[in-house]
Amino acid sequence: PAAAADRPASAASAGSGGGAGGVPAAPAAAAAAAAAAAGRAAVADDRRRKVGRAAAKDRDLAALGDHVWQGVVQVRYRDVAPAIRAAAATAIGRWAAAYPSVYLGDERLKLVGWLLNDPAAPVRAAAVAALRPLYGRADVAGSLDSFTGRFGERLVELGRDVDAGVAEAGLCLAADVRRLGVPLVSVGGGG
């Protein structure tokens with residue numbers, strides 16, 4: 001007994017076969033590992049819940065976007081008021097720039113292409129202004145191939161528009177397209 005009092009505490013506990021507080025070392029390590037695993041599982045569960053909530057919000061936002069698209073933009077791009085048609089072209093361009101995976105498809109962007117032929121110069125100008133940021137982005141150039149193939153000739157014709165402002169904007173747009181290396185008009189070997 002006196003000899004045990006002369007030994008350091010670590011040696012005394014090692015001799016008794018226990019860890020701090022008399023708990024054996026192996027079970028203490030196992031308890032710590034279990035607590036850490038439980039903590040990681042709680043963090044993983046929390047992340048899964050957050051991802052689920054974010055996915056639900058994303059679905060809600062997509063549904064709202066579709067509702068606005070079908071109820072407003074798809075109807076108003078044909079409005080009798082040129083200012084409303086111009087606003088629709090601007091909205092389509094902004095949405096296509098913000099969400100290219102959704103709005104750069106031919107089904108939606110073609111509305112801007114049709115507005116390039118609008119009788120009102122401000123609408124044509126808005127359509128060109130909606131396209132310029134898209135053709136200025138190399139990351140979406142591949143998504144514009146179908147649109148360019150369909151409306152390339154009109155994009156070239158814009159440089160000769162009767163409105164000087166639209167003609168100037170059309171030439172700038174053609175330069176943007178050219179910078180991307182996208183052919184505006186296909187030169188075919190038809191025969």
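This is a predicted model: local features need pLDDT of at least 70, side-chain atom pairs count only at pLDDT 80 or more; totals for chains, interfaces and linings use all residues.
**Salt bridges and buried helices**

D46 has a relative accessibility of 28%, so it counts as partly exposed.

D46 pairs with R49 in a salt bridge, with the closest N and O atoms 3.8 Å apart. Both residues lie in helix α3, which runs over residues 25–76, and they are three residues apart, about one turn of the helix. R49 counts as partly exposed because its relative accessibility is 46%. D46 also meets K50 in a salt bridge, at 3.4 Å from N to O. D46 and K50 are four residues apart in α3, so about one helical turn separates them. K50 is partly exposed too, at 47%.

Now to another pair. D106 and R150 form a salt bridge at 3.1 Å, N to O. D106 is in helix α6 and R150 in helix α8, so this pair ties together parts 44 residues apart in sequence. D106, at 30% relative accessibility, is partly exposed, and so is R150, at 43%.

Helix α6 itself is mostly covered, with seven of its 10 residues buried. One of them is K110. Why does K110 count as buried? Its relative accessibility is 15%, and the cut-off for buried is under 20%. K110 touches F147, R150 and F151, leaving aside residues up to four places away in sequence.

Last, helix α7, residues 121–135. Its 15 residues should span 21 Å at 1.5 Å a residue, and its end C-alpha atoms are 21 Å apart, which agrees. The buried residues of α7 pack against α4, α6, α8 and α9. R124 is among those buried residues, and a network of salt bridges links R124, R154, E157 and D161. The whole structure has 13 salt bridges.

Conventions
Residues are numbered from 1 along each chain as its sequence is written. Side-chain values use heavy atoms; hydrogens and water are left out. Helices (H or I, at least four residues) and strands (E, at least two) are DSSP runs, numbered from the N terminus. The expected span of a helix is 1.5 Å times one less than its number of residues. Buried means under 20% relative accessible area, exposed over 50%, partly exposed in between (1.4 Å probe, protein chains only). Contact means heavy atoms within 4.5 Å. A salt bridge is a side-chain nitrogen of Lys or Arg within 4 Å of a carboxyl oxygen of Asp or Glu.
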